[in-house]
Amino acid sequence: MREMFSDRRAIVFIVFAAVCVAMVPLADPEHRWVAWVTAIAYVVLAVLSALDHWSRSKS
Amino acid sequence: MTDLGVVIVVATALAFDYVNGFHDAANSIATVVSTRVLSPRAAVAWAAFFNFAAFLIFGTHVANTIAKDVVLQDVLSIGVVFAALVGAIAWDLITFYLGLPTSSSHALVGGVAGAAVAKAGGHVLLEEGLRKIGVFIVLSPLIGLALGMIISLVIMWAFHGYHRVERLHTGFRRGQLVSAAAFSLGHGANDAQKTMGIILAVLIASGHLPHDADVPLWVVLSAHTAIGLGTLTGGWRIVKTMGSKITRLQPVGGVAAESAAAATLFFTSSAGIPVSTTHTITGAIVGVGATHRLSAVRWGVAGRVVWAWVLTIPGAFLVSAVVYKVIEVLS
């Protein structure tokens, strides 16, 4: 588990996802979905980056 | 006198657009130049053409946001718009001299806000419009980064079993012509419209157009011509920063970065949100670099760029406010 989160990309992307979520209440209602979709994309990228790092370190 | 003032402000706005092309549009071709797909001269001509052609595709939503959603329309006068433009141009030239890829768009928003506040106080700022712009100052590079990485991953996944590397390389070099054209269209659409917004504001403020007027065709054409000419004579200091100092790109990375940035600009231009083309392409380039590893990105340069962004709105705000006060004293 520690290995999985030692890839800095995953951590950085989680931080970016949090920034996007923080923008949701500030955005006008018409564009809130943009912040949500971007946040979800970063969560997916964080998971993929962590898996990538984990598989590399395993091999 | 009013008509002369309008002419001077319109000419200054077009000069700003030209400087914008000179300053920002150089970024739009950075990836094509750094991957050696086009020579600098050909890349500049390619981008300038698509900057101009953007008027055929996109509406004028961004222009309306700049003209009507940043400050109360009643406070806009020839002096305010002129001070805003001088502040934004001064800020652009300072950052151009320093080789920093800051945003002309945000310099313009900061300039309008600064001059208007200097004239009538903080209550003239329109919270809703500024919030919309502020949110996308943060979101646009993040969207560009995420899209840049996603497109890179999709390309890598689609072609990972393909072993004719040279052929693939050639294919993406050609593909970059299309992605660079798309990005230049997005750049022309979003950035030229900011100047249209300023000209629209001054035409409304001087009574040449009613408050609910849309952007006249001559304004649309002259703004796109000015930004195209600016691109055509664009500087190379910033191209170097964007194209090679942030991360080293291959043609496949160039296609991913430009497509990501173009998609972001197409969306924001259609939604009437003024964003920075510089922010967007920088985010996309970082996203492509981060596909491999974070150390592929030169974070020191990226950090310097971020600081320049942070300082742009307050810097242009201050310069424009001072310029407005000088105009007020002189007149």
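In the predicted model described here, A:Met23 lies in helix α1 of chain A, which covers residues 8-23; helices (H or I, at least four residues) and strands (E, at least two) are DSSP runs numbered from the N terminus. Residues are numbered from 1 along each chain as its sequence is written, and chains are lettered from A and ligands numbered from 1 in the order in which they are written. Because the model is predicted, local features need pLDDT of at least 70 and side-chain atom pairs count only at pLDDT 80 or more, whereas totals for chains, interfaces and linings use all residues.

A:Met23 counts as buried because it has 22 C-beta neighbours inside 10 Å; a residue is buried if 20 or more other C-beta atoms lie within 10 Å of its own, exposed if 12 or fewer, and partly exposed in between, with C-beta atoms placed from the backbone. Leaving aside residues up to four places away in sequence, A:Met23 touches A:Ala35 as well as B:Val135, B:Val138 and B:Leu139, contact being defined by C-beta atoms, placed from the backbone, that lie within 7 Å. Between A:Met23 and A:Ser55 there are 32 residues in sequence and 33 Å in space, taken from C-alpha to C-alpha.

Chain A as a whole comprises two helices and zero strands, and buried residues account for 32% of its 59 residues. Among the contacts in chain A between residues at least 6 apart in sequence, 66% join residues at least 24 apart.

The contact between the chains takes 17 residues from chain A and 14 residues from chain B. On the side of chain A that touches chain B, the elements giving two or more residues are α1 and α2 (32-58) of chain A, with α1(A) giving the most, at seven residues. This side of chain A divides into twelve nonpolar, two polar and three charged residues, where Ala, Val, Leu, Ile, Met, Phe, Trp, Tyr, Cys and Pro count as nonpolar, Asp, Glu, Lys and Arg as charged, and the others, Gly among them, as polar.

The largest nonpolar core holds 121 residues, of which A:Tyr42, B:Val81 and B:Leu85 touch the most other members; such a core is a set of buried Ala, Val, Leu, Ile, Met, Phe, Trp, Tyr and Cys residues joined through C-beta atoms within 7 Å. B:Val81, not counting residues up to four places away in sequence, touches B:Val9, B:Leu76, B:Ile198, B:Ala201, B:Val202 and B:Ala205.

Within chain B, the axes of helix α4 (residues 61-68) and α8(B) come within 7 Å and cross at roughly 45°, the axes being lines fitted to C-alpha atoms, for helices over the stretch in contact, with angles that run from 0 to 180 degrees between N-to-C directions. The two helices α4(B) and α8(B) are therefore oblique to each other, since angles under 35 degrees count as roughly parallel, over 145 as roughly antiparallel, 65 to 115 as roughly perpendicular and the rest as oblique. The residues of the contact of α4(B) with α8(B) divide into nine nonpolar, five polar and one charged.

In a further pairing, the axes of helix α11 (residues 251-271) and helix α12 (residues 277-290) of chain B come within 8 Å and cross at roughly 140°, and α11(B) and α12(B) are therefore oblique to each other. By class, the contact of α11(B) with α12(B) has nine nonpolar, five polar and no charged residues.

Notes:
Two residues are in contact if their C-beta atoms, placed from the backbone, lie within 7 Å.
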